[in-house]
Amino acid sequence: MADPRFFDNCGPISLRRLCESLGVDEPAGANGEALVADVASLEAAGPSHLAFFSGDRRAEARAAFRSSGAGYCLAPKGLDVERPHGCVLLLCSSPSHAFAQAARLFYPDSGLDRWRHPDRIDPSAALGEDVELAPGATIGPGARIGARTRIGPNTAIGRGVTIGRDCEIGANVTISHALIGDRVTVLSGAQIGNPGFGFATSPSGHVKIPQLGRVIVQDGVEIGACATIDRGALGDTVIGEGTKIDNLTQIGHNTIVGRHCVIVAQVGISGSCELGDFVVIGGQAGLADHVRIGDGARLAGRTGVTSSLEGGIDYGGTPAKPVKQWAREIAAVSALAKKGAKLRDE
C-alpha cells in the first residue's frame, strides 16, 4: 500500500478487469465484480489487496505466503504451498511480471518525482520558523520543512517529503518519497528516495517493478556526500537513529539499518537486508540481498557478506568469517605458497 502523500492510486479495479489486463484467467467461482483496492506486500496485504508470491523456496518467504491476509494473490502455476485462508489465487507463469503490470495499473505515475507547479516553493508546502533556503533550492507540493532547517543550493525536496527540525541539507541533494527526522545531516550530492533496483527478468528482457515504498530516516542520522538510499518496493527503507553513513555508500530498497550504526565509504548494501544496532561496516564491504547482521557485529573493509551473521563478532574476508579464523586461513595459504616456492627452487 503506497503512501498517498507520494503516490496517486487509480483504483479500485474490478477483479475481472484486472485479470483481463494481466492476461490471467479469472479464477473459477470468484466474483469478477469484486473490487481490488490496491497492491501490497504479503505481510501488509488485507482482504481488498493484491499481493504476489513468486514461489520462493526460502522458509521465511513461504511462511509469509501462508500467513498472508491478502484477498488476492498472484502465484505460479503448479504451486506446492498451502494457500492463505480466504485468498483468491491468480495463477500465472510469472507472478513478478504480472505484479509489475498490476502495480502500473494502480500507479501509472510512480516513477521519478514530478514537479507540478512552476514556483520554486510550491504554495502547498509548509516551512517552519527560521528555515533557510539557498539559491536554487526547490520545495515540492505538500512538503513540510521543520524549524531552523537549512537547505543548500540547487537541492530538490519532492512532493510530500517531511524534514524535521534543525537539519542540514547540503547542495545538489535530491530527497523524494521520504520522511526525515530531526537533527539530520545530509551532505552534498546525496540522493534519497529514488526508485529501488527492482526488475522482473525473462528471456525477452527486464521489466521495471514500480517502487511504491518510502525512505524513513530517524533522528540524528548523518548521510555522506553522494550516498544513495533507495526507497522501498512496497514497504520502507529505514535508517535508524544516530546512524552515520559515509560518502559514496549505496543502500538498497527495503533495507533496515539499526540504531547508531557506522557505515564507511563505498559500502554496497543490497535490498531487503537487516542490520542490528551498533553494527560497523568497513569501507568497500558488500552485502548480498536478504542477509541479516546481528547487533554489534563489525565487518572489516572489503568484507563480502553472502549469508546472515551473528552479532557481537568481528568478521573479515569473502565470504565473511570471524576475523581470527580468516587471519589463520590467510596465514596458512601464505605458508603453503612459500613452501611451494621453496620446493620449486629446489
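## About the model

Because the structure is predicted, local features need pLDDT of at least 70 and side-chain atom pairs count only at pLDDT 80 or more, while totals for chains, interfaces and linings use all residues. Residues are numbered from 1 along each chain as its sequence is written, and side-chain values use heavy atoms, with hydrogens and water left out.

Helices (H or I, at least four residues) and strands (E, at least two) are DSSP runs, numbered from the N terminus.

## Helix H1

Let's start with H1, which covers residues 15-22. Leu15, Leu18, Cys19 and Leu22 are buried there, meaning under 20% relative accessible area with a 1.4 Å probe, protein chains only. They lie on the same side of H1 because they cover an arc of only 95° around the axis, taken from the directions from the helix axis to the C-beta atoms.

These buried residues pack against several elements, including strand S4 (49-52), strand S5 (72-76) and helix H3 (95-106); contact here means heavy atoms within 4.5 Å. After H1 comes Gly23, with a positive phi near 70°.

## A hairpin

Next, look at S19 (residues 199-202) and S20 (residues 205-208), which pair in the antiparallel sense over 4 bridges. Two strands pair if DSSP finds at least two bridges between them. The hairpin from S19 to S20 runs through 2 residues, and Phe199 sits opposite Lys208 in S20.

## The open sheet

Nine strands form an open sheet with parallel pairing, in the order S7-S10-S13-S16-S21-S24-S27-S30-S33. S7 (126-127) and S33 (292-293) each have a single partner strand, so one side of each is left without a neighbour in the sheet.

Within the sheet, S10 (residues 144-145) and S13 (residues 162-163) pair in the parallel sense over 2 bridges. Arg144 has Thr162 in S13 as its bridge partner.

Technical notes:
Buried < 20%, exposed > 50% of the residue type's maximum accessible area, 1.4 Å probe, protein only.
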